[in-house]
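Biologist: Hi! Could you walk me through this one?

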Amino acid sequence: MGKTIVEKILAKASGKKEVSPGEYVEVRIKTYIQVSSDGGGTPMPETFVKFGWDKLWDPSKVVIVPDHCGSYTPLSYDATNNNRENHRRNSEWARNMGVPEENILDLGRVGNCHHMGIEEGWALPGSVYVHADTHSMTVGGVGCFGPCVTASMAALLRTGLTWFRVPESIKFNITGKLQDGVMGRDVYEYILGQIGPAGAIYQVMEYTGPVMDEMSMDGRLSMCCLSIFTGAKLGIVNPDQKIIDWFKARTNVPFEPQVSDLDARYIKTYNYDGAKIEPQVVVPPLRHTVQNISAVEGIKVTNAFIGSCASGRDEDMRIAARILKGHKVHPGVMFNITPGSSAAMMRSAQEGVIATLLEAGCFICAPGCGMCPGYYTPLTKNEVCITSSTTNYPGRMGDETAQVYLGSPATVAASALEGKITDPRKYL
Amino acid sequence: MALKFKGKAWIFGDNLDVDKDIIPFRKMNLGLITFDNLGDWCMTNVDPDFPRKVKKGDIMVVGKNMGCGHSHQQANKAIKQCGISCVIAESFDRNFFRNSIDIGLPIIEYTDIRKMVKEGDHLELDLHRGQIKNISTAKTLNFTPLPDFLLDILEAGDVESHVNKLIAEGKV
Ligand code: SF4
């Protein structure tokens, strides 16, 4: 019997010949571990003091990133609740713990924490990669096993050890070819519409088939980032040559990519025809009311946002520029585009993408989470936003009366142009 | 052995979202270095009086996909701080499951639990033996206990205290 990519990664990481779903394994983490000033995580300096710990398992593998929620903004106006302050505290603590100076990063070299693992080559294909934030599973897009370990993080930094329950896998086979203007984002939301918010509880969503083979790394990362909303442990894509080349260009650390065996066991298989997938829009207030764009076209919007761990990659900014080139953002819309990382921002600037977006009247925000958690340009009363960020419950992006529609970066750009939800395909 | 609990059942539905249902996102104090007073907001979006109605030791009985959405551990802490001794769910979101173990909020997975328990029923739980006794209906349900090393974390109170035990025993 063959094994899935996730079973192979977990077997290797736990030093076993093979593992099966339901089994619990202990794993020693060998990849870099990011400590970011993120919202859900455990505060490291305080926790280490509280439990009397004076050392890290391996300081050379720890990196400090001034994420999370707009490291450039206070979380509130109270000086004790301030991300710069969090970052300073984390950095000092790390220095005292022997973390090398070059691992302590600050603004100008960073961005959203989940973009960083890919940009810096920390989240290696075939490895186990841990992070305290929900969307660490983004790295599944490069064939890396990255479930979030929020409340385990302090213990893990101290011991280098953690545990996982080996999950079952579901195979999503996407055949055919996507239409121009239909993105990885739409494929994921389409699947959510089909299987619902509890469609993959505690399971792995393994995305395969011709559509996935064709899809860019950026599209794959976006799909895996969102997999949480179907209840999944994570989403993953078998890495191919373009992924391997990306990491070879970024790290000297050896890695062993894994791929699923042809006779691996899946708890279920779903087949979808990619050509039939239309641009998808998630309608508030629930995260799982998914509609074809035709059902919501024409709804007026006041804000648009491309960014977060679910978008803000090169491809996302490129498609927005393609749609906006020679046009202006609708006068009634504030269009915030937040590149995921400094590196993505620089590449987009070199390509001329950023200039096109600025010419069209977009507001380019400093790399990070941007509007997603409502800390930067938050939505105010009764505003309506279309965004390719992660989620949409009331209050997520600011005021609780604001409404958040979710769509692909292409849909967001076309909607920003017309001031209402718009099918991007007519601009491509 | 510890990990035995007694309390009254509070019933909730499926797909309770961490930030939308369990604790309002804006009440989490993301980024603060303390996790105080989260219990005051536990389930208030679903039932505004819940934190005042709960008695220490009470048990939450919920449907499928408990704790879905983001992985904010504030939700698990809110439940623990408001006095709930254990959460029984038909299934758990994986992040919620993991955070519960790490912060020391006992959990039991039992398919169909809502068919066996009504709001207000008196329950007695034994996590080591894998037993749920419904005193009100005089029925006993059995489940497969969590593996010992996870029960050890729950017993220690949280994952950090568990690590300290391992350090003291020279195991890490
Ligand atoms: S972009 Fe949003 S969902 Fe992603 S890590 Fe930042 S706040 Fe969380």
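The chat below covers the chain contact and then the aromatic rings.

Modeller: Happy to! This is a predicted model, where local features need pLDDT of at least 70, side-chain atom pairs count only at pLDDT 80 or more, and totals for chains, interfaces and linings use all residues. Residues are numbered from 1 along each chain as its sequence is written, chains are lettered from A and ligands numbered from 1 in the order in which they are written, and side-chain values use heavy atoms, with hydrogens and water left out.

Biologist: How many residues does the contact take from chain B and chain A?

Modeller: Chain B gives 42 residues and chain A gives 52 residues, with contact meaning heavy atoms within 4.5 Å.

Biologist: And how many salt bridges across it?

Modeller: The rule finds zero between chain B and chain A (a side-chain nitrogen of Lys or Arg within 4 Å of a carboxyl oxygen of Asp or Glu).

Biologist: OK, rings now. How many aromatic pairs over all chains?

Modeller: The count is 19, pairing rings of Phe, Tyr and Trp (its six-membered ring) with centres within 6.5 Å; planes under 30 degrees apart are stacked, over 60 edge-to-face and the rest tilted. A:Phe48 and A:Trp53 have ring centres 5.2 Å apart and planes at 90 degrees, so they are edge-to-face.

Biologist: Are A:Phe48 and A:Trp53 buried or exposed?

Modeller: Both are buried, meaning under 20% relative accessible area, with exposed over 50% and partly exposed in between (1.4 Å probe, protein chains only).

Biologist: Which residues do ring pairs link into a cluster?

Modeller: That cluster holds A:Phe172, A:Tyr190, A:Tyr207, A:Tyr270 and A:Tyr272.
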